[in-house]
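The following exercises ask the reader to work through a protein structure step by step. Each task is followed by its solution.

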Amino acid sequence: MSGMETMNGSSTGAVLPLDPAEVRRNLEPLARASMLPPAAFAGQEVFDWELENLFSSGWICFGHVSRVGRPGMYLKREIGDDSVVVVCGEDGVPRAFLNVCRHRGSTIVQDSEGSVKKRLQCPYHAWSYGLDGSLVATPHMDQVDDFDRSCFGLIPVRSAVVGGLLLVDLGGQAPDAREHVGELVDHLDHYRNSELVGGGRVEYSVEANWKGIAENYNECLHCPGIHPELNRLSNYMSGEEFYGAGEWCGGSMTLTAGDAATMGSGGGHASSRPPITGLTEAEERSVLYFALFPNALVSLHPDYVMLHTLYPRGPGETEVICEWFFEQRSVEAEDFDPTDAIEFWDMTNRQDWHVCELAQQGVRIKGYTAGRYSGEESTVHAFDNMIARRYLEALEPGSRPEPIREGAAA
Ligand code: FES
Ligand SMILES: [Fe+2]
């Protein structure tokens, strides 16, 4: 345990100005529960606490493993004040490091993704690092006393790959990554997520709290009004909720439009992509939507996987990266064209961001108090419970609030 931690594992720097009684109301069964307190969405202090305790400590999703699938490929992300780079080594293993030069502290990698041949070179005075993080070139350091290059490699960050998702744990103390992903890995593996390759990427800056975006993803109550196109392909009342071990929630929806083969523009039949190998007939008519705590939204479609990763930038600002992944055989096909999937979800994303931004404006209004969940928001409740449990563990050290899994045993 580091000196910055309390007995319950929370860092001590940021305070959490929430009323435990109000947070506990979120952990009631759905029919009695209240939503998270408004300050959880609008307050700077709650945001600072979340960055420190949920994003800079514990597993977060850093993207899809295929984006660092070959030696030299890298991804760079900012997490709070930290900048982290994951680079694929000569041995094909992705490794995470703080994106800071050990000389005068310049950030090294500037692009959010890319590829280098053999080295990451600092743009300031050209110190160079191997793909394993070791310091390999240091101009004009020959005469310096007592300088041991091997002590000045890039600072490693704990990382893992589970079910094709790249995860990092800046704090280095979280339980095993497979425990975090839990039984969600079965769904990811069934859809061959770790073998899929990228086919599209769109970045968004959304003026909404990261949890508001995750909540929106976890329900389709808004679909008839906000997404008429989506609701025509997949009725908002279809599907069921899923349960299982791990820090995730989610459920399925069904392709209710008879002629639709997938979620895509052109009525869902604009593409000739085959379904992902090994899916059942029922799965070829379904879409599975999962939220992996805290920042990954992964959707398993009959013929592709879509991944949203959320990076909080302020209480009312979130950077969202949305990516699409396909089977290699689909990408290699002469007529491969992912436009239908990208166009459809880009439209749907923007419809979602609009209402997330409206809700963000509203939760800032001082008279607003926590709302109640409808019967169609059980997965939102499940997501919020993961947050509320962490709040309570910090507010009432030693408490271990149990997750609510209504209907799980049914
Ligand atoms: S700060 Fe990187 S080489 Fe000087
Ligand atoms: Fe939506």
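The exercises below treat confidence, domains, sheets, a helix and backbone geometry in turn.

**Conventions.** Residues are numbered from 1 along each chain as its sequence is written, and chains are lettered from A and ligands numbered from 1 in the order in which they are written. This is a predicted model, in which local features need pLDDT of at least 70 and side-chain atom pairs count only at pLDDT 80 or more, while totals for chains, interfaces and linings use all residues.

**Exercise 1. State the confidence of the model and locate a stretch of pLDDT below 50.**

Step 1. pLDDT is the predictor's confidence in each residue, from 0 to 100. The average for the protein is 94, and 95% of the residues score at least 70.

Step 2. Residues 1–10 have a pLDDT below 50. Beyond near neighbours in sequence, this stretch has 14 contacts in the model; two residues are in contact if their C-beta atoms, placed from the backbone, lie within 7 Å.

**Exercise 2. Describe the division into domains and the side on which domain 1 touches domain 2.**

Step 1. Domain 1 covers 60–163 and domain 2 covers 179–383; the bounds come from an automatic or database domain assignment.

Step 2. Taken over C-alpha atoms, the centres of the two domains are 31 Å apart. Contacts link 12 residues of domain 1 with 19 residues of domain 2.

Step 3. On the side of domain 1 that touches domain 2, E1 and strand E2 (73–79) each supply at least two residues. The largest share, 4 residues, comes from E1. Helices (H or I, at least four residues) and strands (E, at least two) are DSSP runs, numbered from the N terminus.

**Exercise 3. Give the strand order of the open sheet that contains E1, and identify its edges.**

Step 1. The order of the 7 strands is E1-E10-E9-E4-E3-E2-E5, with antiparallel pairing. Two strands pair if DSSP finds at least two bridges between them.

Step 2. Strands E1 (59–64) and E5 (113–115) are the edge strands, each pairing on one side only. From one strand to the next the twist averages 30 degrees; axes are lines fitted to C-alpha atoms, for helices over the stretch in contact, and angles run from 0 to 180 degrees between N-to-C directions.

Step 3. Between E1 and strand E10 (residues 165–169) there are 5 bridges in the antiparallel sense. Within E10, Val168 stands opposite Ile60.

**Exercise 4. Describe helix H10 and what covers its buried residues.**

Step 1. Helix H10 (residues 339–363) has 25 residues and reaches 36 Å from its first C-alpha to its last, close to the 36 Å expected. The expected span is 1.5 Å times one less than the number of residues.

Step 2. Its buried residues include Phe344, Trp345 and Cys356. Their cover includes helix H2 (39–42), E11, helix H6 (210–217), E16 and E17.

**Exercise 5. Which residues show a positive phi or a cis peptide bond?**

Step 1. Most residues other than glycine have a negative phi, and most peptide bonds are trans.

Step 2. Ala126 has a phi near 70 degrees and is partly exposed, with 13 other C-beta atoms within 10 Å.

Step 3. His140 has a positive phi of about 60 degrees and is exposed, with 8 other C-beta atoms within 10 Å.

Step 4. Phe293 and Pro294 are joined by a cis peptide bond with omega about -10 degrees. Pro294 lies in the loop between E14 and E15.

Key: A residue is buried if 20 or more other C-beta atoms lie within 10 Å of its own, exposed if 12 or fewer, and partly exposed in between; C-beta atoms are placed from the backbone.
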